[in-house]
Amino acid sequence: MKIIDAHCHLESEEFENNLDEIIRNARDAGICKLITSSITPGQWEKSKSIAEKYKEVEFALGVHPWYATPSDLDMLENLKDAKTKGAAAIGEIGLDEKIENPSIEIQTKIFEIQLSIAKEINLPVIVHCRGAFDELISSIKKIGVPEAGGIIHSFSGSAGLADSLIKLGLSFSIGGILTYKKNKKRIELLERIYPNHFLLETDSPDIPPIHLNGKPNVPSNILFNLKAASDLLGIKQEDIAETTTANAVRIFNLVI
Ligand SMILES: [Zn+2]
């Protein structure tokens, strides 16, 4: 079984001293690729060097909405070299209305610049969005989506919202929230996005499976997310692994 963790943060301090072990455990769990996403320009070099060190790791360059500052504006120009530097995606980028700072205005400005660069160099995007889907859709309609597409990570919206985003060229990666208490909305969402628009992720070190709450999440925990998806969809784990891996390979142009 080959699994891809479409979204994690191996740059995190949590993994400073144990990355060899984390990657080894990921490999043992069947993970053949991990896409690590930077959150600030200060992490970009680190993302690239982690990917150079471990053949399983691909990297994404971007500025996360929580860390968007006007001082990033000069740095964003460098994202135009992301593809030549070997990045598989532009991310983690997005909009978050559940936080007050940075303001949605500065978040939108930084997001739209990154989205337009992704489109220009045709790298897929890895998008974070909380409580700002109207704004996200309006930015996307204004700028467009790269031909390569992209994913909304940790998506927990409705099946109807998923439909609108699929029409715009996006897919969805989901992780720990798959293990939360079963509900009809999540089953409907999964049934709508499976098979062609569903990817697995962990968002490590964040959003651990429910029974590991309070501990830092690790990529090998993706097996709990896979099992939860299998229970919700009533489809064999092997089939979900194969399908989600094929989706990640297609979107991020990976060689596995
Ligand atoms: Zn993330």
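A residue is called buried here if 20 or more other C-beta atoms lie within 10 Å of its own, exposed if 12 or fewer do, and partly exposed in between, with C-beta atoms placed from the backbone. The structure is a predicted model, in which local features need pLDDT of at least 70 and side-chain atom pairs count only at pLDDT 80 or more, while totals for chains, interfaces and linings use all residues. Residues are numbered from 1 along each chain as its sequence is written.

I207 is buried, because 23 other C-beta atoms lie within 10 Å. I207 sits in the loop between β8 and α9. The phi angle of I207 is near 45°, a positive value in a residue other than glycine. N253 also has a positive phi without being glycine, with a value near 55°. N253 belongs to the segment after α10 (237-252). Because N253 has 14 C-beta neighbours inside 10 Å, it counts as partly exposed.

The loop between β8 (198-200) and α9 (222-233) also holds P205. The peptide bond leading from S204 to P205 is cis, with omega near 5°. P216 is found in the loop between β8 and α9 too. With 16 C-beta neighbours inside 10 Å, P216 is partly exposed. P216 touches E14 and P205, leaving aside residues up to four places away in sequence; two residues are in contact, or touch, if their C-beta atoms, placed from the backbone, lie within 7 Å. P216 and F15 are 201 residues apart along the chain, and their C-alpha atoms are separated by 9.4 Å.

A cis peptide bond also runs from N101 to P102, with omega near -10°. P102 is placed in the loop between β4 (89-96) and α5.

Next come the helix pairs. Axes are lines fitted to C-alpha atoms, for helices over the stretch in contact, and angles run from 0 to 180 degrees between N-to-C directions. Angles under 35 degrees count as roughly parallel, over 145 as roughly antiparallel, 65 to 115 as roughly perpendicular and the rest as oblique. A crossing is right-handed if the near helix is turned clockwise from the far one by less than a right angle, and left-handed if anticlockwise.

Helix α5 (residues 104-121) crosses helix α6 (residues 133-143) at roughly 40°, and their axes come within 10 Å. That angle makes α5 oblique to α6. The crossing of α5 and α6 is right-handed. On the α5 side the contact is made by I104, T108, F111, E112, L115, S116 and K119, and on the α6 side by E135, S139 and I143. Sorted by class, this contact of α5 with α6 has four nonpolar, three polar and three charged residues. In this scheme Ala, Val, Leu, Ile, Met, Phe, Trp, Tyr, Cys and Pro count as nonpolar, Asp, Glu, Lys and Arg as charged, and the others, Gly among them, as polar.

For helix α7 (residues 159-167) and helix α8 (residues 184-193), the packing angle is about 25° and the axes are 8 Å apart. α7 is therefore roughly parallel to α8. Their crossing is right-handed. A159, A162 and D163 of α7 meet E188, L189, R192 and I193 of α8.

α9 and α10 pack at an angle of about 110°, with their axes 9 Å apart, so these two helices are roughly perpendicular to each other. The crossing of α9 and α10 is right-handed. L226, K227, A229, S230 and L233 of α9 make the contact with Q237, I240 and A241 of α10.

The last topic is the interior. A nonpolar core is a set of buried Ala, Val, Leu, Ile, Met, Phe, Trp, Tyr and Cys residues joined through C-beta atoms within 7 Å. The largest such core has 69 residues, of which A60, A89, I90, I151 and F172 touch the most other members. Beyond four places in sequence, the contacts of F172 include A162, I193 and F198.

L123 lies in the loop between α5 and β5 (125-130). L123 is buried, because 26 other C-beta atoms lie within 10 Å. Among the residues L123 touches, not counting those up to four places away in sequence, are A89 and I90. L123 and V145 are 22 residues apart in sequence and 9.6 Å apart in space, C-alpha to C-alpha.

Notes: Helices (H or I, at least four residues) and strands (E, at least two) are DSSP runs, numbered from the N terminus.
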